[in-house]
Amino acid sequence: MSGGSSGMFSGATQSAFNTQLKKIYTWYTGGFVVFVVGLAILEQMGLPRAWIGYIFLLATVGLYAGIGIMSRTSDAAEYYVAGRRVPALFNGMATGADWMSAASFIGMAGTLYLTGFGGLAFIMGWTGGYCLVALFLAPYLRKFGQFTIPDFLGARYGGNIPRSIGIFAAILCSFTYVVAQIYGVGLITTRLTGVSFEVGIFLGLGGILVCSFLGGMRAVTWTQVAQYIILIVAYLIPVVWLSVKYTGVPVPQFVYGKVLEKVSAREQVLIKDPKELEVRGIFKARADEASANLKGLPSSFDAGKQKLAAAVDKLKADAAPADQVAAAEKALAAYPKDAAAAKAQWTKDAGLAARAGPPLRHAQAFPGKDEAAQDVSRRNFLALVFCLMVGTAALPHILMRYYTTPSVKEARQSVFWSLFFIFLLYFTAPALAVLVKYDVYSFLVGTEFAKLPQWVASWTRVDPSLLSIVDINRDGIVQLAEIAIGGDIVVLATPEIAGLPYVISGLVAAGGLAAALSTADGLLLTIANALSHDFYYKMLDPNASTARRVTISKILLLIVALAAASVAAQKPADILFLVSAAFSLAAAGFFPALVLGIFWKRANKWGATLGMIAGLGITFYYMATTQVWLRGVFGVTSPVADNIWWGIQPISAGLWGVPLGFLVIIVVSLLTPAPDKETQDLVEHVRYPNLAGDTMKTLGT
Amino acid sequence: MQLSEKHREYWSKNLAITGILLFIWFVATFVVGYFAREINSINFFGWPLAFYMAAQGSLIIYVVIIWYYARYMNKLDQAYGVAEGEEE
C-alpha cells in the first residue's frame with residue numbers, strides 16, 4: 001500500500017482493514033451512546049442547558065478534527081481517493097453523510113409537513129437517483145479509476161475543452177450547494193450555543209477545514225462515517241419516541257398510516273369549522289384591503305393617513321374616553337411613514353391571502369382548483385422527480401465517492417449500501433411530518449391561549465418566523481389558521497413535543513451539524529480538486545510533482561472555503577432556489593455526456609462539448625427567464641407567462657436540458673468523425689471489470 | 001485489444017439486466033406517479049396507496065433494484081471470467 005497510510009485507518013490486507021474498521025466504529029458508536037447518556041444524567045443533576053450545547057459542539061467538532069488529524073496525508077491517491085480501499089459498507093455510510101445535507105436533515109420533514117404529498121417528490125427524487133448511479137455510472141467510473149469527474153470527460157472525449165466544461169459545471173453546482181451548507185452550519189451553531197451567526201460560520205468552518213485540509217478524501221471519508229452514525233441516531237430517537245407516545249409502537253415507519261387516517265379526518269373537520277372560517281375570513285379581508293391600497297398608490301397613502309387622523313380628531317372633538325383616543329393615536333403612529341414603507345407593508349399584508357385558504361389535505365395527490373390545474377400540478381411533480389433523480393446521478397461530489405472503493409464489485413455493492421443508509425432517514429421523514437401534524441391538529445388546535453404547551457412558548461420566543469400563534473379572532477382558543485409555522489421547526493422541536501429531555505434537543509442539533517459539515521466537506525473537496533487536479537495539473541502544469549499538487553489543492557481548499565463562508569455570511573436570499581437549481585444544472589451538464597461516454601462508443605468530442613453546452617445553456621436560459629430572482633439579476637422584463645413552457649416551474653428546468661443534451665450529443669457525434677481507436681478501447685476498458693489482454697492502465701496514482 | 005464472443009455476450013447480458021431494472025424503476029416512479037390521483041382512493045394499511053408508494057413503496061423498490069443489480073453483475077463477472085482479483 002502507499003506510504004501515506006499510517007495510524008488507525010490502515011491495515012495489512014483489505015479484509016483485516018475491514019475487520020479493524022468494524023471494530024473501531026462499533027466502539028465509537030458505543031462511546032457516543034455512553035456520552036449522550038452521561039450528559040442526560042448530568043442534566044438531571046442540574047447541568048445548565050447552555051453547557052449542554054457547548055459540550056455537544058466542542059465534543060463533536062473536536063472529534064471530527066481528531067479524525068482529520070489522525071488521517072493527515074500528502075500522498076496523492078490517499079488525498080484524492082482515500083487510497084481506494086474504503087470497503088463498500090463504509091463508503092455507503094460516507095456517501096449517506098455526504099449526500100444528506102442540512103436540507104435533508106432539518107428541512108425535509110418540514111417541507112413534507114407544509115406541502116404534504118407534493119413534498120414527496122424530494123423523497124422519491126433524492127433516492128431513486130441512486131438507481132441511475134448504480135446502473136449507469138458507479139461501476140464504470142470505478143473501473144476508470146481516476147480522481148475526478150472532469151478526469152473522465154477529459155480522457156473519454158479527449159482534449160481540454162470537454163474537461164474545462166466539466167470543471168465549470170462542477171464548480172457551478174458545488175459552490176452554490178456549499179454556500180447553503182455553511183449557512184446551515186452557521187444557523188445550527190448559533191442555535192446550539194448562542195454565538196452570533198458570523199462567529200458560528202467561522203467556528204463551523206474550522207471543523208470543516210481541519211478535516212479536509214489535512215487529510216483530503218481520506219480524512220473526509222472517515223469523518224463522514226462518524227458523522228453518519230451521529231446524524232442517524234439523532235434523527236431516529238425523537239421520532240421513535242413520538243411514535244411510542246401516539247401509537248404505542250416504536251417503529252413509526254410501519255404504523256403512521258393509521259395516524260395519517262386520523263390527520264385526514266381532522267382536516268375534514270377543520271376545513272368546514274366555523275371558527276376556522278372566521279379567522280380565514282379576517283385574513284382575506286386584510287389581504288383584500290392591502291391589495292386595494294397597493295393598486296391605489298400613491299393617493300391611497302395620503303387617503304389612509306387622513307382617514308386615521310380624522311378619526312383621532314373626531315374622537316377628541318366628541319370627548320371620547322381616553323383609552324379610545326389613545327388607541328386611535330397609536331394606530332396613526334403605526335401608520336407607514338412614507339409611500340415606500342406603505343408599499344412594503346401592504347405587499348406583506350397582501351401576502352396574507354395565502355393564509356386565507358383552507359388547510360391542504362396532506363395525502364391528496366396533485367391538488368388544484370380544476371382538472372387543468374391538477375394536471376399542471378402532476379406534470380410539475382413528475383418533472384421535479386425527474387430532475388432530482390438525474391441530478392443526483394450527476395453531482396460530482398457523490399460520483400467521486402465511488403472512486404474510493406477497492407474494486408468494481410465493491411463499487412456496485414457500495415451503491416446499495418449508500419441508498420440503504422439514505423433510505424433509513426428518508427422513509428422516516430414522512431412519518432415524522434405526519435406525527436407532528438397529528439400533534440398540532442389534534443392537541444394544539446383548540447387549546448386555550450392561556451394554556452399553550454411549553455414547547456410552543458419557548459419556540460415562539462426563539463424565532464417568530466419558525467412559529468407564531470396570534471389570536472386573530474380574539475376568542476382565546478387556538479385555531480389552525482392562527483398558527484404560522486416554519487418548516488425547520490418540525491425536526492428541531494420534535495424532542496420537546498415528544499417530551500424528551502434537553503440533551504436530545506442538543507443531540508438533534510449535533511446531528512444537523514454533522515449533516516451540514518459532512519456535505520460541506522465533500523463539496524469543498526470537489527471544488528478544490530477540480531481546480532488543482534483538473535485545471536492546474538492536467539491543463540497548466542502536467543509535470544508538477546505529487547507533493548506540489550496536493551499542496552496546491554490544500555491552498556485552494558482554504559481559499560474556496562473562505563469564499564463560500566463570506567458569501568454565506570451575506571445571508572443570500574434565494575439560497576434554497578440555488579440549491580435546487582444545482583440539481584437541474586448538474587443533470588443537464590453531466591448526465592448525458594457521462595452516460596453516452598460509457599454506453600455509446602460513437603459519442604465524440606464535439607458531440608459531448610456541444611451537448612454539454614446546449615444542456616447547460618437551455619437549463620440556465622429557462623431559469624433566467626422564469627425565476628423571480630434571476631429575472632431581476634438579468635433584467636428580464638417580458639412576462640413570466642410568455643416564457644413558461646408547458647407550465648413547468650424553473651426548479652425543473654433540467655427537464656429541457658437533459659433531453660436536449662442527449663439529442664445534441666447524438667446528432668453532432670453522427671455528423672463528425674468517430675473517436676479514434678484508443679478512445680474506443682477506453683470504452684471497452686471501463687465496461688469490463690477485468691479484461692483479458694487489456695493492457696490499458698487508467699488507475700490514477 | 002480484441003473482444004471475444006464471450007465478452008460481447010457479457011455486455012449484452014449487462015445491457016439486458018440494465019434495461020429490465022430501468023423499466024421497473026420507470027414504472028415504479030413515473031407510471032405509478034402519473035396515476036397517483038386514481039390509485040389514492042385505495043387504502044393500504046391506513047395509507048392512501050399513492051401516498052404510500054411515493055413515501056415508502058417506491059423507495060423499497062429502488063433499494064431492491066440496486067441490491068439485485070450488484071448481486072447479478074457480481075455473479076456474471078465470475079461466470080464470464082471478467083471478475084477482478086481479491087486485491088488489485
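Trainee: What should I know before I start?
Mentor: This is a predicted model, where local features need pLDDT of at least 70, side-chain atom pairs count only at pLDDT 80 or more, and totals for chains, interfaces and linings use all residues. Residues are numbered from 1 along each chain as its sequence is written, while chains are lettered from A and ligands numbered from 1 in the order in which they are written.

Trainee: What is the average pLDDT of chain A?
Mentor: pLDDT is the predictor's confidence in each residue, from 0 to 100. Chain A averages 89, and 98% of the residues score at least 70. Confidence is lowest in helix H19 (residues 454-462) of chain A, with a mean of 81, and highest in helix H27 (residues 654-671) of chain A, at 97. Over residues 1-6 of chain A the pLDDT is below 50, and this stretch has 13 contacts in the model beyond near neighbours in sequence. A contact here means two residues whose C-beta atoms, placed from the backbone, lie within 7 Å. Where pLDDT is low, the predicted coordinates should not be read in detail.

Trainee: How many helices and strands does chain A have?
Mentor: Helices (H or I, at least four residues) and strands (E, at least two) are DSSP runs, numbered from the N terminus. Chain A comes to 28 helices and two strands. Chain B has three helices and two strands, in the order α-α-β-β-α along the sequence.

Trainee: What does the radius of gyration say about chain A?
Mentor: For the 701 residues of chain A, a compact globule would come out near 27 Å; chain A has 28 Å, which agrees. Its C-alpha trace spans about 100 × 65 × 45 Å along the principal axes. Chain B is another story: its radius of gyration is 18 Å, well over the 12 Å that the rule gives for 88 residues, so chain B is more spread out than a compact globule. The C-alpha trace of chain B spans about 55 × 25 × 15 Å along its principal axes.

Trainee: How is chain A divided into domains?
Mentor: Domain bounds come from an automatic or database domain assignment. In chain A that gives domain 1 (1-295 + 347-368 + 395-571) and domain 2 (573-701). Their C-alpha centres lie 27 Å apart, and 33 residues of domain 1 are in contact with 30 residues of domain 2. On the domain 1 side, H8(A) gives the most, with 11 residues.

Trainee: How many residues of chain A are in contact with chain B?
Mentor: 46 residues of chain A are in contact with 42 residues of chain B. H17(A) makes the largest share of the chain A side, 10 residues. By class, that side has 28 nonpolar, nine polar and nine charged residues. For those classes, Ala, Val, Leu, Ile, Met, Phe, Trp, Tyr, Cys and Pro count as nonpolar, Asp, Glu, Lys and Arg as charged, and the others, Gly among them, as polar.

Trainee: Is Ile65(B) buried or exposed?
Mentor: Count C-beta atoms, placed from the backbone, within 10 Å of the residue's own: 20 or more others is buried, 12 or fewer is exposed, and in between is partly exposed. Ile65(B) has 23 others within 10 Å, so it is buried. Ile65(B) sits in helix H3 (residues 49-79) of chain B and, leaving out residues up to four places away in sequence, touches Cys131(A), Leu21(B), Ile24(B) and Trp25(B). Across whole chains, buried residues make up 52% of chain A and 33% of chain B.

Trainee: Which residues touch the most other members of the largest nonpolar core?
Mentor: In soluble globular proteins, nonpolar side chains tend to be buried together. A nonpolar core is a set of buried Ala, Val, Leu, Ile, Met, Phe, Trp, Tyr and Cys residues joined through C-beta atoms within 7 Å. The largest one has 240 residues, and those touching the most other members are Ile182(A), Leu231(A), Val390(A), Leu524(A), Ala586(A) and Ile66(B). Helix H9 (residues 197-247) of chain A gives the most to this core, with 23 residues. Domains 1 and 2 of chain A both give residues to this core, so it lies between them. As for Ile66(B), its contacts beyond four places in sequence are Tyr130(A), Cys131(A), Ala134(A), Val415(A), Phe416(A) and Leu419(A).

How values were computed. The radius of gyration is taken over C-alpha atoms; the globule rule is 2.2 Å times the number of residues to the power 0.38.
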